[in-house]
Amino acid sequence: MTYPPPRYLGAAGEASATYRMADAAPELRYTNGGSAHYLATGATTNGQFGLYRWDMGPTPSGPAPHFHRSISESFYILAGSVRIYDGSRWIDTEPGDFVHVPEGGVHAFRNESGLPASMLLHFAPGAPREGYFEGLPGLAALSEEEQAEFFLRHDTYWL
């Protein structure tokens with residue numbers, strides 16, 4: 001493995017960092033008490049990655065087993081316990097645990113603890129996952145064909 005070709009060709013560097021305060025409001029709130037913080041989107045990282053803080057309320061929630069063809073997904077547990085399916089078994093995680101799922105890897109996650117939980121979701125490369133997150137609440141109003149198109153557009157393949 002080697003470093004990729006340079007993407008920045010300037011001679012002196014530049015002031016281009018971004019900063020987000022810890023108490024910033026989430027970009028998305030769900031009726032079940034969960035929320036999503038868009039820490040770094042594919043658009044803000046030039047497509048390199050997406051990073052989101054996913055906060056879950058105490059109500060059981062999370063997607064069923066699925067996979068992605070074009071993106072990897074990683075989970076880093078910040079608080080509480082999240083059950084993560086690694087394609088062969090469910091793992092009860094705790095703060096500090098990390099799970100990486102490469103492209104094509106079957107995975108799922110659920111908060112079944114009865115308590116709030118929080119984790120970082122990392123996607124690489126930086127796909128536009130915001131559209132997926134924002135479309136989830138309206139899925140029930142879509143036809144089966146519209147739902148199938150939504151999941152195909154967002155690189156989500158259910159088992």
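Biologist: Phenylalanine 67, buried or exposed?
Modeller: This is a predicted model. In it, phenylalanine 67 has a relative accessible area of 17%, under the 20% limit, so it counts as buried.

Biologist: Which ring does phenylalanine 67 pair with, and how?
Modeller: With tyrosine 157: the ring centres are 5.3 Å apart and the planes are at 20 degrees, so the pair is stacked. Phenylalanine 67 is in strand β4 and tyrosine 157 in strand β11, so the contact ties together parts that are 90 residues apart in sequence.

Biologist: What charged end sits over the ring of tyrosine 157?
Modeller: That of arginine 69, 4.5 Å from the ring centre.

Biologist: And how are the rings of phenylalanine 123 and phenylalanine 133 arranged?
Modeller: Their centres are 6.4 Å apart with the planes at 50 degrees, so that pair is tilted. Phenylalanine 123 belongs to strand β10 and phenylalanine 133 to helix α1. Phenylalanine 123 is buried at 1% relative accessible area, and phenylalanine 133 is buried at 3%.

Biologist: Which aromatic cluster are they in?
Modeller: One that also includes Tyr30, Trp54, Tyr132 and Trp158, among others. The charged end of arginine 129 sits over the ring of tyrosine 132, 4.4 Å from its centre.

Biologist: Switching to the sheet. What is the strand order?
Modeller: β1-β2-β3-β10-β5-β8, an open sheet with antiparallel pairing. The edge strands are β1 and β8.

Biologist: What about the surface: which residues make the nonpolar patch of about 290 Å²?
Modeller: Tyr76, Leu78 and Phe98. Tyrosine 76 is in strand β5 and is partly exposed, at 36% relative accessibility.

Definitions and conventions. Residues numbered from 1 in each chain as written. Predicted model: local features only at pLDDT ≥ 70, side-chain atom pairs only at ≥ 80, totals over all residues. Heavy atoms only, no water. Pairing = 2+ DSSP bridges. Helix = DSSP H or I, 4+ residues; strand = E, 2+ residues; numbered from the N terminus. Patch = residues over 30% accessible without salt bridge, like charges linked within 9 Å, V, L, I, M, F, W, Y side chains within 5 Å. Areas by Shrake-Rupley, 256 points an atom, 1.4 Å probe, with all protein chains shown as cover. Salt bridge = Lys/Arg side-chain N within 4 Å of Asp/Glu carboxyl O. Buried < 20%, exposed > 50% of the residue type's maximum accessible area, 1.4 Å probe, protein only. Phe/Tyr/Trp six-rings, centres within 6.5 Å; stacked < 30°, edge-to-face > 60°. Lys NZ or Arg CZ within 6 Å of the ring centre and 35° of its normal.
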